[in-house]
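Let us take a walk through this structure together. Have the sequence and the model at hand as you read.

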Amino acid sequence: MNSNLFPSEQQLCTAKILIIDDEMADIRVLEWALRQAKFPNFRSLTDSTKARKEFEQFQPDLVLLDLNMPDLDGFAVLKQLRESAPAGEFLPVLMLTGENTAETRSRALAAGANDFLGKPIDYTEVMLRIRNLLQTRFLHRQTREIQTQLETLSPAKETNPQTKSGRK
């Protein structure tokens, strides 16, 4: 495996992270964890009704999303974020919840969450998952850039239907 393909720790730490949780105590814990791990680019909000607007303005690389919130729950917010994300873009969402059941986990992953973590969060585990999701996002971006470069280098294919059928 070529280690040059993977983003460096310095590159990962430039990622923008959006935290959406109605509990300020949970936000503070996540912010503390991010600061300890040298991730300075984050924003947090407790009002889930403002999530889409903040998402569109901030354009995060990762979203940490609480499941159980008043007004719009995590499922509704996730749906909005998926609708707002550019087509073909890999936007990782880590769903966080105190409702850590197999049914809830399955429902969250089926709804489009990329990972799921029960509360209270474990610092080591949340940071490993954040790094893994960000690595995947950076690799996806790099793959798309290479694909675009290859498409610009390859000659245009003939699309004449008569040529395909052998008729003139």
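In what order do the five strands of the open sheet come? The order is β2-β1-β3-β4-β5, and the strands pair in parallel. Strands here are DSSP runs of E with at least two residues, helices are runs of H or I with at least four, and both are numbered from the N terminus. Two strands count as paired if DSSP finds at least two bridges between them. Before going further, please note that this is a predicted model, in which local features need pLDDT of at least 70 and side-chain atom pairs count only at pLDDT 80 or more, while totals for chains, interfaces and linings use all residues. Residues are numbered from 1 along each chain as its sequence is written, and side-chain values use heavy atoms, with hydrogens and water left out.

At the edges of the sheet you will find β2 (42–45) and β5 (115–118), each pairing on one side only. From one strand to the next, the twist averages 15 degrees; angles run from 0 to 180 degrees between N-to-C directions, and axes are lines fitted to C-alpha atoms, for helices over the stretch in contact. Look next at β1 (residues 17–20) and β3 (residues 62–66), a parallel pair with four bridges. Here Ile-20 stands opposite Leu-65 of β3. Helix α2 (residues 24–36) lies across β1, β2, β3 and β4 (93–97), and runs at about 175 degrees to β2.

Now turn to two other helices. Helix α3 (residues 51–58) packs with helix α4 (residues 74–84) at an angle of about 35 degrees, their axes being 9 Å apart. On the α3 side, the contact (heavy atoms within 4.5 Å) is made by Ala-51, Arg-52, Phe-55 and Glu-56, and on the α4 side by Val-77, Gln-80, Leu-81, Glu-83 and Ser-84.

Two rings carry a charge over them, meaning that NZ of Lys or CZ of Arg is within 6 Å of the ring centre and within 35 degrees of the ring normal. The charged end of Lys-16 sits over the ring of Phe-58, 5.4 Å from its centre. Arg-107 lies over the face of Phe-75, at 3.8 Å from the ring centre.

Finally, visit two loops. Between α3 and β3 is Gln-59, which has a positive phi of about 50 degrees although it is not a glycine. The loop between β5 and α6 (123–153) holds Pro-120, joined to Lys-119 by a cis peptide bond with omega of about 0 degrees.
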